[in-house]
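I opened my notebook to look up the annotated sites. My notes follow the structure.

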Amino acid sequence: MESDINGTYDGANIQEYSSLDPMAKELIDAAIKARNNAYAVYSKFQVGSALRTTTGEIFTGCNVENGAFSPSICAERVAICKAVSEGYREIAAIAVVAYQEHSFTTPCGVCRQFISEFTRKDIPIYVAKPAPVRVLVTSIYKLLPMNFVPIL
Ligand SMILES: [Zn+2]
């Protein structure tokens, strides 16, 4: 059976937006709103993200590009840096919103490692499109198995 990243044949990972719990919807909605602020003047690829800390605060981010390209930063890392800079270091859940017609936009490898730095357990990652009908519900351990953890 053919499979694709939209999860057409993998119902376990795809949920209807309308069936999600209110806290998941709240995160996705916050990510959609943050996406509107994306500074994506070069790629035109707008991304929004929102995370909830283990103490219930929500922080949002959008991608911020740069004319020199390499200083650009993803929406997920903006949200995490906002949380950390305000004194919050434990993520409970995170949402990512972008639009690609034929696939969901999962966090890049750098962001997966960045997310894993700020949680001590598996956490849900909601991957949605700006007008969400279906949502890819995954987790940091699924996206980054055997994550790098430095010995301190
Ligand atoms: Zn990224």
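**Site notes**

I began with C74, which is buried because 20 other C-beta atoms lie within 10 Å. I call a residue buried if 20 or more other C-beta atoms lie within 10 Å of its own, exposed if 12 or fewer, and partly exposed in between; C-beta atoms are placed from the backbone.

I noted that this is a predicted model, where local features need pLDDT of at least 70, side-chain atom pairs count only at pLDDT 80 or more, and totals for chains, interfaces and linings use all residues. Residues are numbered from 1 along each chain as its sequence is written.

I placed C74 in the loop between β3 (58–62) and α2 (75–85). Helices (H or I, at least four residues) and strands (E, at least two) are DSSP runs, numbered from the N terminus.

I looked up the UniProt record. Its unreviewed entry lists C74, C108 and C111 under "binding site". They spread over 38 residues of sequence, yet cluster in space, with a largest C-alpha distance of 8.4 Å. UniProt positions use the numbering given here, feature names are shortened, and annotations may be inferred rather than shown by experiment.

I listed contacts (C-beta atoms, placed from the backbone, within 7 Å). Leaving out residues up to four places away in sequence, C74 touches V47, N63, C108 and C111.

I found C111 in helix α3 (residues 109–117). C111 is buried, with 24 other C-beta atoms within 10 Å. With the four-place exclusion, C111 touches C74, E76 and R77.

I ended on E76, the "active site" in the unreviewed UniProt entry. E76 lies in helix α2. E76 is buried, with 28 other C-beta atoms within 10 Å. Beyond its neighbours within four places in sequence, E76 has contacts including S49, G61 and C111.

How values were computed: Contact = placed C-beta atoms within 7 Å.
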